[in-house]
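The stops below follow charged pairs.

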Amino acid sequence: MTVCPGNPDQEGRRFRAIMEAAGAKLDRLYIIEAGDLGYHNLKRLVPKNEAHAFARYRGERWVEAHQPAIDEYMKGRCEIIPMCDIVADDTYEQRIALIRAIYDRGGNPVTEWFDYSLNLDIESRARRKAKDGVIIEPWAIKESALDYLCDEYAMRSLMRQKFGLEEIYLGLAVTQHDLFQRENPKPEIDLTIPKVCPIALREVEMVHVEKLGKAVPADNGGIPSYARDCGRVLQP
């Protein structure tokens with residue numbers, strides 16, 4: 001399970017609900033605390049060394065705040081691993097560069113997926129920052145978000161290499177685990193990511209259909225077929 005501190009789907013009561021379900025179903029759980037990814041969201045706002053330090057501090061604070069829920073429901077069957085331990089691999093930077101090159105090449109599902117995700121991020125982050133009186137140009141948001149995605153999926157390919165397990169993923173998720181490897185010009189560096197486990201705790205938005213007289217699930221909003229929203233978690 002990957003946790004990115006600051007993601008509301010991975011905080012507070014929502015996280016407790018996930019831990020409650022995990023404690024009832026799983027023999028063992030590894031949580032990758034990926035606070036270091038937050039650096040990409042901060043590096044244009046503060047000096048880079050401060051961005052690194054604050055991102056890591058936020059990760060440490062997340063662990064402190066959520067360790068009680070982990071202990072309560074997993075009872076010693078969960079290990080929290082900092083991102084830096086996962087990416088301490090000689091191929092890490094190569095993986096990032098390969099994923100970025102696939103995106104830059106264009107005309108492939110990776111580019112399509114990243115552009116979809118980036119457009120969502122540009123809209124949501126610009127709106128959030130505007131409320132704080134901060135204006136960020138769309139190109140700057142896109143570049144930071146793209147660096148974030150390349151870093152994240154490089155890390156997740158290393159997670160698969162290390163654990164060989166399926167992943168609980170909260171948020172907009174690539175469900176085709178070989179999406180990056182299929183486009184990889186250097187297949188000897190395996191970019192396969194973990195398969196995504198379905199999450200049973202979901203908030204289903206319903207739309208009333210007068211003709212049928214009953215409610216049906218809402219449209220998925222045009223999400224590409226190889227991705228889905230795994231982040232709508234029920235409040236306990």
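The structure contains 12 salt bridges, a salt bridge being a side-chain nitrogen of Lys or Arg within 4 Å of a carboxyl oxygen of Asp or Glu. This is a predicted model, in which local features need pLDDT of at least 70 and side-chain atom pairs count only at pLDDT 80 or more, while totals for chains, interfaces and linings use all residues. Residues are numbered from 1 along each chain as its sequence is written, and side-chain values use heavy atoms, with hydrogens and water left out.

Select glutamate 143 and arginine 100 first: their closest N and O atoms are 3.6 Å apart in a salt bridge. Glutamate 143 belongs to helix H7 (residues 138–163) and arginine 100 to helix H5 (residues 92–105), so the pair ties together parts that are 43 residues apart in sequence. Helices (H or I, at least four residues) and strands (E, at least two) are DSSP runs, numbered from the N terminus. Glutamate 143 is partly exposed at 27% relative accessibility, and arginine 100 is partly exposed at 23%. Buried denotes under 20% relative accessible area, exposed over 50%, and partly exposed in between (1.4 Å probe, protein chains only).

Next, select glutamate 152 and arginine 156, a salt bridge with closest N and O atoms 4.0 Å apart. These residues of helix H7 are 4 residues apart, about one helical turn, and both are buried.

Finally, select aspartate 190 and arginine 160, which form a salt bridge with closest N and O atoms 3.5 Å apart. Aspartate 190 lies in the loop between helix H8 (179–182) and strand S6 (196–197), and arginine 160 in helix H7, so the pair ties together parts that are 30 residues apart in sequence.
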